[in-house]
Amino acid sequence: MPNARAVLVAQATSHVADMLAISLQHTAAHAAVVVYDTQCELAAIMAQAYHAALPDAAHLSFDDAAPAELLAAFAALHVGDLVVLVQSTSFRIESFRIRVELYKRGIKVIEHANLARMAPDEVAIYIDALAYDATYYRGVGSALKAKLDAGQRVVVQGGGATLTYDGGFEAAKLNTGDYSATNNIGSMFPIGEVFTEARDLEQVSGRVMIYAFADLEFFMHAASPPIALIIERGRVVGAENSTPAFDEVLRTIALGEGGEVWVRELGMGLNRSFSRERMVRDVGAFERVCGVHLSLGAKHGVYKKPGMRHKDAHYHVDVFPITERVAIDDTVVFTNGGWHA
């Protein structure tokens, strides 16, 4: 009988193989380079999974290979080839911005970052979240985008609280593993998200009950009892049942951004392997959780707003409200813990 680790490796290998074939459309006709470390158990499992799924790739240990060796391996790649990064933290090679530079050359990139943030009992959850259901992600994701792009109002309800968006939305972005309409092929995994924000940020008002939030170091915190976040004209104006850690988040954002805490991203996570009961400590992974998440702070790398200068926007902190019902205009798109778009 296989031991628990062998089972996890087998599951990860299966999910990785699906990602490679269906999402990345990688075939043996193209070269692949896998750069990995083994500084934490999850990274070691993922490295082993990629060894199994990509036996003909060049597998390079970031801890053992010299920077020149890594750069030479990247330089030998051509358009349509693949790089996989399995990182306990986040790899740095002097001034070489790995994903950005590879994308410029038409190379596909899969990133697994900050794996050391996951606790031992979160490893299986993370691996579950790598499962790729193309029909679900692409179908629901595209339907939500279409409704958001045409919609004028979103109402988010949960825990007895209601948050309302009026006046339409910025063009929604998809992270659903379909790269047929994008210039860059690849992503940070796990995936599963549709996100947008209000065209006019001041048209966001109401309350949400926060069951979890990220701190300024990108670690998740559970909030029990939930924190009631009060939002008026797109800004946080109060937090009831708050915690010292969340108070510090709000204080730091306000101090660094002119005394205000803006609500920007409206994220609709699709990944059903994450939930309020199945959390991981890394917000970069958990933000795909099935439900809604919001970002606090003026920073957003995708959407530009008049009067919000990039150099003055320092913070983008995700918070996770209890989500029981979401409606876009007159259409209910989320109930009973799942999307129905």
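1. Gly291, His293 and Ser295 point one way from strand S14, while Val292, Leu294 and Leu296 point the other way. Both sets are buried. This is a predicted model.

2. S14 has paired strands to consider. Strand S13, residues 263–269, pairs with S14 in the antiparallel sense over 5 bridges. Within that pairing, Val292 of S14 stands opposite Met268. Strand S15, residues 317–321, also runs antiparallel to S14 and is joined to it by 3 bridges. Here Leu296 has Val317 of S15 as its bridge partner.

3. Next, the aromatic rings. The count comes to 11 aromatic pairs. One of them is Phe74 with Phe96: the ring centres are 6.0 Å apart and the planes meet at 15°. That angle is under 30 degrees, so the pair is stacked. Phe74 lies in helix H3 (residues 67–75), and Phe96 lies in the loop between strand S3 (82–86) and helix H4 (98–104). The pair therefore ties together parts that are 22 residues apart in sequence.

4. Phe74 has 1% relative accessibility, so it counts as buried. Phe96 has a relative accessible area of 26% and is partly exposed.

5. Ring pairs also link a cluster: Tyr211, Phe274, Phe286 and Phe320.

6. Charges over rings deserve a look. The charged end of Arg272 sits over the ring of Tyr136, 3.5 Å from its centre. Arg117 lies over the face of Phe219, at 5.4 Å from the ring centre.

Terms used:
Residues are numbered from 1 along each chain as its sequence is written. This is a predicted model: local features need pLDDT of at least 70, side-chain atom pairs count only at pLDDT 80 or more; totals for chains, interfaces and linings use all residues. Side-chain values use heavy atoms; hydrogens and water are left out. Buried means under 20% relative accessible area, exposed over 50%, partly exposed in between (1.4 Å probe, protein chains only). Helices (H or I, at least four residues) and strands (E, at least two) are DSSP runs, numbered from the N terminus. Two strands pair if DSSP finds at least two bridges between them. Rings of Phe, Tyr and Trp (its six-membered ring) pair if their centres lie within 6.5 Å; planes under 30 degrees apart count as stacked, over 60 as edge-to-face and the rest as tilted. A charge sits over a ring if NZ of Lys or CZ of Arg is within 6 Å of the ring centre and within 35 degrees of the ring normal.
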